[in-house]
Amino acid sequence: MKRLFMVLFGLASLHAAATAAKTAGEEKTPGKNAGAAASLWPEKMDPSFQGSRPECFKIWVIRNLRFPADRYDVGDEAKVEVVFAIDKNGTLTDLKVTHCEERHFADRLCKTIALSPKWSPGRTKGKPVKTELEMRFVFRLVAPPAGQEELGLCAEECDIHTTADRMPLFCGGGPDGFRAWVQRQVDSLMGPGALTEPRKLILRFVVGKDGRVTPAPKPKYRDEDALEQMVRQAIAAAPAWTPATIDGERVRFGVSMPVAFGPGAAGAEYSDKDAYRVVEVMPKFFGGGLDKFRSWVMAEVRYPSDMLKQGVQGRVVAAFVVDKEGRITMVEILESPHPQFSEAVARVLGRAPRWTPGRQDGALVRVEYTLPVDFKIRSELRFPTGAAGRNRGSSRSY
């Protein structure tokens, strides 16, 4: 009896050990155990390039672009938009050009993109998944460094970024220091007490690679008042910032910030009604960003028939705010060649689907965007022009 008991006890111990080993093995494999997967992995992770954000891939591509000096000139500029996928193994596949005015620029860019090292794939609940990405490359050609002339002309990135590894700094500080500086400059230009009522403006400008500040273009369909003129003058005369960087490269960075003027400006508070340009968690449009929204606008906007008949072309620049509920509000046309183009773009923005709103310090916030939409009449379909998308017919592109 004692021997039988020992045999049964031994079998029970072996079964318990096997069960424990199996359970431990399952818990070490993300995805097999829902609780373990939820604790180990976020719901969704974007692909990463060499351990950094996808934006760093743009810098890598620009660094490796070369153009023969006998076919290209210093100062040539190009804007090319592409879409590609990062598969489950981290390989870049399915590369397509969605926008380019000059095919030869796109061909050389695609050859460089195709040389991409492997990425870390995107993940959903811990499992690697194939992920589609859209990217815009804006660059100009520059002379190569001394001793590297045989490699051809180099490319210099000149797109405007709104996210970076290191944000731009004003006199070693953040936006509050620049707000105070602008307020003092405007007071000195207009004179103390010139404003009898408090007023708040959204300052828009670009911090260049050299730290110099360039104000946003003047509005075309209205005149600036005295305060707006003084603010523009102050921004243009601002001391150099410490520029933003991505993967160690200096980049142009777009800034948008609310600033109060007039009585009580020095102690003004900036509430959640103010719109930000950059936040910790940017809004999402069906899981994507501004590029995905641009594709939606591309499919929805229509070329005004009168403008098409008259051969009128041009660019519309629209500003809008994604509010705390994800709705598009405060649509403003900053630049347009004709009111009919303005109406076409504003109409589409006014009926856009909701976004997933942005967050700052864990709270929902309003985020401002600027969207350029080009109306150009072209006969070619393969390489359409326009900042907002691809052609649907031979007569238009966005």
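Student: Why is glutamate 249 called partly exposed?

Tutor: Its relative accessibility is 32%. Buried means under 20% relative accessible area, exposed means over 50%, and partly exposed is in between (1.4 Å probe, protein chains only). So 32% lands in the middle class, and glutamate 249 counts as partly exposed. By the way, this is a predicted model: local features need pLDDT of at least 70, side-chain atom pairs count only at pLDDT 80 or more, and totals for chains, interfaces and linings use all residues. Residues are numbered from 1 along each chain as its sequence is written, and side-chain values use heavy atoms, with hydrogens and water left out.

Student: What makes glutamate 249 and arginine 63 a salt bridge?

Tutor: Their closest N and O atoms are 3.1 Å apart. The rule asks for a side-chain nitrogen of Lys or Arg within 4 Å of a carboxyl oxygen of Asp or Glu, so this pair passes. Glutamate 249 lies in strand E12 and arginine 63 in helix H3, so the bridge ties together parts 186 residues apart in sequence. Helices (H or I, at least four residues) and strands (E, at least two) are DSSP runs, numbered from the N terminus.

Student: With which aspartate does arginine 63 form a salt bridge?

Tutor: Aspartate 247, with the closest N and O atoms 3.3 Å apart. By this rule the count comes to 16 salt bridges.

Student: How do you know whether lysine 58 is buried or exposed?

Tutor: Its relative accessible area is 10%. That is under the buried limit, so lysine 58 is buried. Lysine 58 also forms a salt bridge with aspartate 159, at 3.4 Å between the closest N and O atoms. Aspartate 159 is buried as well, at 7%.

Student: Why is the pair of phenylalanine 67 and tyrosine 72 called edge-to-face?

Tutor: Rings of Phe, Tyr and Trp (its six-membered ring) pair if their centres lie within 6.5 Å; planes under 30 degrees apart count as stacked, over 60 as edge-to-face and the rest as tilted. Here the centres are 5.0 Å apart and the planes 70° apart, so the rings pair, edge-to-face. Phenylalanine 67 is buried at 1%, and tyrosine 72 is buried at 3%.

Student: What makes you put the buried residues of helix H4 on the same side?

Tutor: In H4 (residues 103-113), the buried ones are Phe105, Ala106, Leu109, Cys110, Thr112 and Ile113. They cover an arc of only 160° around the axis, which puts them on the same side of H4. The arc is that of the directions from the helix axis to the C-beta atoms.
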